[in-house]
Amino acid sequence: MRFYEFTKEIEREMSAYMGGKAEVYISTIQKNNGVQMEGLVIRENGERIAPTIYLNCFYERFLQGMEIEDVIKEIDTIYKSCKNHPLEDADFFSDYEQVKNRVVYKLIHKERNRELLEDVPYIPYLDLAIVFYCIVFRQEYGNATILIHKEHMKQWNVTEEELYERASRNTPILLPYFIKSIDEMMEEQFERKISGQGKKQGQEAMDIVRPASKQVAMYVLSNQEKLYGAASILYPNLLKNFAIACGRDFYILPSSVHEVILVPEYDGKDLEGISEMVREINELEVAREEILSDHAYYYDKEEEKILLE
């Protein structure tokens, strides 16, 4: 069964499952870097807000043997979890006073998202764009978020600068960062495999940085949710403090929109060589919609800023 046929089958089965109590239809959603994803929308009669449940991952599991009946049951569980949340009413989103403390930012590539950026407010940053979204609620099956568009900004009568100011305050609080060495991350993954239990995350990690030997040290920077954590590089004084802790300049490798890798520089600046590695990894290992940039950045400790070249 091809993906299109799968989506239409899920649409039919879910509509029958709902027994006429809800409108069920497929919607194509524009994602990062021009990627489009198919989502199943379930809108009960009279409701202004409706969850969109992406079907791409379910299709992969279907190809691996998951039955359609089990797909429907899992979609229903996700839908009920969203529906029963206290913020199911969309009216709150029309009131900026209710929204403002939930506004956060993320980083996307400016050139790859030219079409999207025509419709959403943004602040240019290097060759990237800072865009804004609202965290509606968090749950086991993922965060419910709404990307902020220009029409929202007009409705609220706010500017890009006001959104940025608000998001700059909210994001470090709602999505606190973590820094961990690659070795520590691998140890934790290994422990999860052998014990089924992970270490508690969220340790403030400046103390793990050691300006020691010439071995290649690599550190993962993200946020606690591991959701658009690359934006952590915008947090006040974070990169400056990391440079002080490791005692040298460092590279910033855009691993994805969700995290970056910090690599202290020991043997002379080679930004082009590091960027070539980033391009290869993006091509082979990173999903298209999760790519942040095809080149590395360089943080200069003396200038206290990120350099593109």
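Isoleucine 233 is in contact (heavy atoms within 4.5 Å) with Leu107, Tyr125, Leu221, Leu239, Ile252, Val260 and Ile306, leaving aside residues up to four places away in sequence. This is a predicted model, in which local features need pLDDT of at least 70 and side-chain atom pairs count only at pLDDT 80 or more, while totals for chains, interfaces and linings use all residues. Residues are numbered from 1 along each chain as its sequence is written, and side-chain values use heavy atoms, without hydrogens and water.

A nonpolar core is a set of buried Ala, Val, Leu, Ile, Met, Phe, Trp, Tyr and Cys residues joined through side-chain atoms within 4.5 Å; buried means under 20% relative accessible area, exposed over 50%, and partly exposed in between (1.4 Å probe, protein chains only). The largest such core has 50 residues, and Ile233 is among those that touch the most other members, as are Phe132 and Leu163.

Which aromatic rings meet edge-to-face? Rings of Phe, Tyr and Trp (its six-membered ring) pair if their centres lie within 6.5 Å, with planes under 30 degrees apart counted as stacked, over 60 as edge-to-face and the rest as tilted. Tyrosine 133 and tyrosine 228 have ring centres 5.4 Å apart and planes at 70°, so this pair is edge-to-face.

Lysine 106 has its charged end over both rings: 5.5 Å from the centre of tyrosine 133 and 4.1 Å from that of tyrosine 228. The criterion is NZ of Lys or CZ of Arg within 6 Å of the ring centre and within 35 degrees of the ring normal.
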